2 protein chains.
Amino acid sequence: MSNKRDLQIIEGGGVATAQGFHAGGVFAGIKTPGEDKYDLGLLYSDRDCAVAGTFSQNSVLSPSVTVTKDVVARGRARAVIANSGCANCAVGKQGLIDAQDAASIGAAELGVDADDVLVASTGVIGVELPMNLIRDHTPRIDVRDGDDAGLEFAKAIMTTDTHPKHIAVRYEASDGSTVTVGGCAKGAGMIHPNMATMLCFISTDADVEQSFLQSTLSDAVTLSFNQIDIDGDQSTNDTVALLANGASGSPRVAGGDEDSERFANAVAYVNRYLAIELARDGEGARHLITAVVEGAGSDVDARKAARSVAASLLVRTAVYGRDPNWGRIMMAVGKTGISLVESKIDIFVNGIQIVHEGKAIAYNVQSVIAALDQPEVELRVDLNCGDGFGEAWGCDLTEEYVVFNSAYTT
Amino acid sequence: MSNKRDLQIIEGGGVATAQGFHAGGVFAGIKTPGEDKYDLGLLYSDRDCAVAGTFSQNSVLSPSVTVTKDVVARGRARAVIANSGCANCAVGKQGLIDAQDAASIGAAELGVDADDVLVASTGVIGVELPMNLIRDHTPRIDVRDGDDAGLEFAKAIMTTDTHPKHIAVRYEASDGSTVTVGGCAKGAGMIHPNMATMLCFISTDADVEQSFLQSTLSDAVTLSFNQIDIDGDQSTNDTVALLANGASGSPRVAGGDEDSERFANAVAYVNRYLAIELARDGEGARHLITAVVEGAGSDVDARKAARSVAASLLVRTAVYGRDPNWGRIMMAVGKTGISLVESKIDIFVNGIQIVHEGKAIAYNVQSVIAALDQPEVELRVDLNCGDGFGEAWGCDLTEEYVVFNSAYTT
């Protein structure tokens, strides 16, 4: 878990808050127009970055992801060009041509090498990228530094999100210098309709060795975005990328020292914050559900069980209905097949114990219903058989989810 | 796949249609009363049966299942006592005592050994079995042969099913004698709320060697009930049991001959029929969704992909909204991680092709919307890369599902 104590949260911060990072967005007409809408964004670093990434495991993959994976494999990047409104997926050979073309357009605009440009697309599947719009509108993007620039980029990657998600944090390195880690994200997995791509970009002015950057990101994603895969679906375009440009001048980070710990803590915090915001903004959601499993045989077991609880349709509808249906929570934990002893299980809803040693205990039903009425509901399961700890996040399942997703037309 | 040609379907048949099987049910007051309601049933064979079973893999298991697993492990049975309205789960040590007591009550009533009585419970979790009701009302059950008796038993295991599901089939054995296989089932996995137990009992007058009986049942369940696990949840009480009493006098079946093939075909047919009926009767369902995947690298891959399509919330809401959203189907296939070549994928909706070689083709949108308006919707995916075939069944996801499951109170 990340530790907030050593971090300074930067109000309004985002992906262009760290030194040397610039960003911006425009409305290019790729998605349907609307107030304060953006659908094309650029993120730029004024110097070379080490880059790390994690991607969708779906066998059907957007060529935009393919291009980005290649950049990450080379380990060096300078920029990101991202669009919403079109996923550039399932369009045949044209998809890769267009993704490479998008990288070139971004590179030409920013004066960098096309091989150093990540590409991200999200939106409708089966429709080719409107390259003319991207070509015409990329030069209109006002690429600049500052929180407002980062906000524009955050808006440019949104699809059905009700608001942009962004954050930046700072910490003091061992030499007294200040390191910033900022990021933005959109729409989580299956929470959202329309192929529901989950995108996240994080930028930092720390100077980080590439393999440590990758392991730090992978660890953070394991504990955050991988714990909000609400209903097990996985987009063709999911991408989390982390760019580190070293502009802070702080000591190089490569693992095994105090600076590395501070850096990993900041990255974990940003990932966790953004993942939770995605879960909270789930389609039709009224409640953020936090599932906590402790006392499991291992952290892996605990995370598996927590995710099962947060993802269960029966648990999610019960929370929506403010129903303290602990049998559904037991079922969701049990179906993972992790080792447990039924007679040791304790369950708590927002701190109120409702199950002791595997059996219902007398609790004030009105108190629990009131707890379930809070915008944030914590379902905590203590297996009392080990030290394993895990968290996962989701949202309740409402009629609105069904209406929204059945009304959406390709 | 089962072959219907060699089977005679018995109108109104069920679990008491095969020779030597008797059944019946009463309303004991375990669940809320209502017209034509039953909540306690007995199934009885007038002679020893070989018995096979498959059970929930959930780590939290009802002691009723524990008792039944022990009977199946011994391989011999004479009867089943089943109740709805109470799952006998998560009630501590009392659960096993009550399950054993239920077996004894059934055994005393029927004059058989308690070790030969299977126990099945479905309903609310966390509530102890009302043993007084079971003790008082079991003697009231009119245990008799015939389709009407089987229907009573089928009703006695129902919870939120809108109607009982039962079937019987006959085939001619190699010596000209007639063999009957009949069964009934209730509520499929997570389709239904309230822990959603899936129960199925099949009886046959074939004379079957026990290990062949088990492998025949396991194979049939793999292709039927295991392909309708709608949203990945698994009850604490799921049970499929098959009793074979040999009353037909037909040649003994032990695998490797024509009679064995006929028997396995009949068992597969009954399982498949009941599984599809469970999917069709899913909570709030308007459409039965049949997902067919062919041309996969293996049958296992095809079944995995078909199940992913039938279980996807995005696919299920799209069918409800009559939206030919093929991107969601591609996503659901791709997320399983099975081997595929995107540019070879063809997709059909009730026979109308909408995707060719991984890309949308021109189709008449109104025809596809009309196809999606049928009560049965077949989504067929041809991966064109092998001979693997698989089917899975589900239902559309509607607002009613959410309303029903959020309104339910423990």
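1. Two strands are said to pair if DSSP finds at least two bridges between them. In this predicted model, that criterion applies to strand β11 (residues 346–349) of chain B and strand β14 (residues 376–382) of chain B, which are joined by four bridges and run antiparallel. Within β14(B), the residue that stands opposite B:Phe348 is B:Arg380.

2. The sheet of chain B deserves a description of its own. It is an open sheet of six strands with mixed pairing, and the strands follow the order β13-β12-β11-β14-β10-β15. Its edges are formed by β13 (359–360) and β15 (388–395) of chain B, each of which pairs on one side only. Helix α7 (residues 299–311) of chain B packs on this sheet, where it touches β10 (288–296), β14 and β15 of chain B, and the direction of the helix makes about 20° with that of β15(B).

3. Turning to chain A as a whole, its secondary structure comes to eleven helices and 15 strands. The C-alpha trace of chain A spans about 65 × 55 × 35 Å along its principal axes.

4. Helix α7 (residues 299–311) of chain A and helix α9 (residues 326–334) of chain A pack at an angle of about 135°, with their axes 8 Å apart. Because angles over 145 degrees would be needed to count as roughly antiparallel, α7(A) and α9(A) are described as oblique to each other. The crossing in which α7(A) passes α9(A) is right-handed. On the α7(A) side the contact is made by A:Ala305, A:Ser308 and A:Val309, and on the α9(A) side by A:Ile329, A:Ala332 and A:Val333; by class, this contact has five nonpolar residues, one polar residue and no charged residues.

5. The second pair is α8 with α9. Helix α8 (residues 313–320) of chain A packs with α9(A) at an angle of about 155°, their axes being 9 Å apart, and the two are therefore roughly antiparallel to each other. Here α8(A) passes α9(A) in a left-handed crossing. The contact involves A:Leu314, A:Val315, A:Thr317 and A:Ala318 of α8(A), together with A:Arg328, A:Ile329, A:Met331 and A:Ala332 of α9(A). By class, the contact of α8(A) with α9(A) has six nonpolar residues, one polar and one charged.

Definitions and conventions. Residues are numbered from 1 along each chain as its sequence is written. Chains are lettered from A and ligands numbered from 1 in the order in which they are written. This is a predicted model: local features need pLDDT of at least 70, side-chain atom pairs count only at pLDDT 80 or more; totals for chains, interfaces and linings use all residues. Side-chain values use heavy atoms; hydrogens and water are left out. Axes are lines fitted to C-alpha atoms, for helices over the stretch in contact, and angles run from 0 to 180 degrees between N-to-C directions. Angles under 35 degrees count as roughly parallel, over 145 as roughly antiparallel, 65 to 115 as roughly perpendicular and the rest as oblique. A crossing is left-handed if the near helix is turned anticlockwise from the far one by less than a right angle, and right-handed if clockwise. Contact means heavy atoms within 4.5 Å. Ala, Val, Leu, Ile, Met, Phe, Trp, Tyr, Cys and Pro count as nonpolar, Asp, Glu, Lys and Arg as charged, and the others, Gly among them, as polar.
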